[in-house]
Amino acid sequence: KKSFASTQKMQAIQPQLKKLQEKYKSDPQKLNTETVKLYRDNGVNPMGGCWPMLLQMPLLFALFMVFRSTIEFRGASFFWWIKDLSQPDTVFNLPFYIPIYGDQVAFLPILLGISMFLTQKMSMANMGSAGGQQKYMMYFMNGFFVLIFNQFPSGLVLYYTLFNVLTILQQKYLTPQS
């Protein structure tokens, strides 16, 4: 919620920030000073959206280790095709190995990719006109996560996918309808 609120505040001051960038485009030091002043006057922290995400990284690493090594998760099925929470939820095996991706196709990373895409689409819609390069970077990261998470334990991928789905619901709930 904190990350979303910080993003909303940053979006609210974007027109003022663009005016400052136009006004001081030839004086980067003055632009920096005025930008910091704008942030302070509006109670905006540019790192406010990043900190909550950075704080959860140790949790993701810990969950990775827990799902890989906890004996109780080995062979613990969860739902239909998920037969073992400590292993990838392989739907079928490929007859060849793809670097980074592996030699199996897992379904949860695909769901993760879809949930990440929807989350990014919602945040892009809320940001208005975002830069093209930023949009491509977000889509690249989406695909990269699908590749990487294909070999991760299904319990971790399930956690992250559910986190994204709850984020989508939270954004729908917190975004003011116009």
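These are my notebook entries on a predicted model of one protein chain.

**Basis.** I read the chain as a predicted model in which local features need pLDDT of at least 70 and side-chain atom pairs count only at pLDDT 80 or more, whereas totals for chains, interfaces and linings use all residues. Residues are numbered from 1 along each chain as its sequence is written, and side-chain values use heavy atoms, with hydrogens and water left out.

**Overall layout.** I looked up the secondary structure and found eight helices and two strands, taking helices (H or I, at least four residues) and strands (E, at least two) as DSSP runs numbered from the N terminus. The order from the N terminus is α-α-α-α-α-β-β-α-α-α. Of the 178 residues, 34% are buried; here buried means under 20% relative accessible area, exposed over 50%, and partly exposed in between, with a 1.4 Å probe and protein chains only. I then turned to contacts, meaning heavy atoms within 4.5 Å, and noted that 60% of those between residues at least 6 apart in sequence join residues at least 24 apart. The chain exposes about 11,800 Å², with carbon and sulfur atoms supplying 67% of it; accessible areas come from the Shrake-Rupley method with a 1.4 Å probe, and for residues only the protein chains shown count as cover.

**Nonpolar cores.** I searched for nonpolar cores, that is, sets of buried Ala, Val, Leu, Ile, Met, Phe, Trp, Tyr and Cys residues joined through side-chain atoms within 4.5 Å. The largest has 13 residues, and those with the most contacts inside it include Ile82, Leu108, Leu112, Phe149 and Tyr160. Helices H5 (57-69), H6 (108-127) and H8 (154-174) each supply at least two residues of this core. A second, separate core of eight residues includes Met10, Ile13, Tyr24 and Val44.

**Aromatic rings.** I counted eight aromatic pairs in the whole structure, where rings of Phe, Tyr and Trp (its six-membered ring) pair if their centres lie within 6.5 Å, and planes under 30 degrees apart count as stacked, over 60 as edge-to-face and the rest as tilted. Phe145 and Tyr160 form a tilted pair, 6.1 Å centre to centre with 40° between the planes. This pair links distant parts of the chain, with Phe145 in helix H7 (residues 132-149) and Tyr160 in helix H8, 15 residues apart. Tyr160 is buried, at a relative accessible area of 11%. Phe149 and Phe152 are also a tilted pair, 4.7 Å centre to centre with 45° between the planes, and Phe149 is buried, at 7%. Ring pairs link Phe145, Phe149, Phe152, Tyr160 and Phe163 into a cluster.

**Arg68.** I placed Arg68 in helix H5 and read it as partly exposed, with a relative accessible area of 32%. Not counting residues up to four places away in sequence, Arg68 touches Arg74, Ser86, Gln151, Phe152 and Pro153. Its C-alpha atom is separated by 8.5 Å from that of Leu85, 17 residues apart along the chain.

**Surface patch.** I noted a nonpolar patch of about 650 Å², whose residues include Val91, Phe92, Ile114 and Leu118; patches are made of residues with over 30% relative accessible area and no salt bridge, like charges being joined within 9 Å and nonpolar side chains (Val, Leu, Ile, Met, Phe, Trp, Tyr) within 5 Å. H6 gives the most to the patch, with five residues. Leu118, placed in helix H6, is partly exposed at 39%.

**Ile100.** I found a phi near 75° at Ile100, a positive value in a residue other than glycine. Most residues other than glycine have a negative phi. Ile100 lies in the loop between S1 and strand S2 (102-106).

**Salt bridges.** I found three salt bridges, each being a side-chain nitrogen of Lys or Arg within 4 Å of a carboxyl oxygen of Asp or Glu. Lys25 and Glu22 have their closest N and O atoms 3.8 Å apart, and both residues are exposed. For Glu34 and Lys30 the separation is 3.3 Å; both lie in helix H3 (residues 28-42), four residues apart, about one turn of the helix. Glu34 is buried, at 18%, whereas Lys30 is partly exposed, at 34%. Asp41 forms a salt bridge with Lys37, with the closest N and O atoms 3.7 Å apart.
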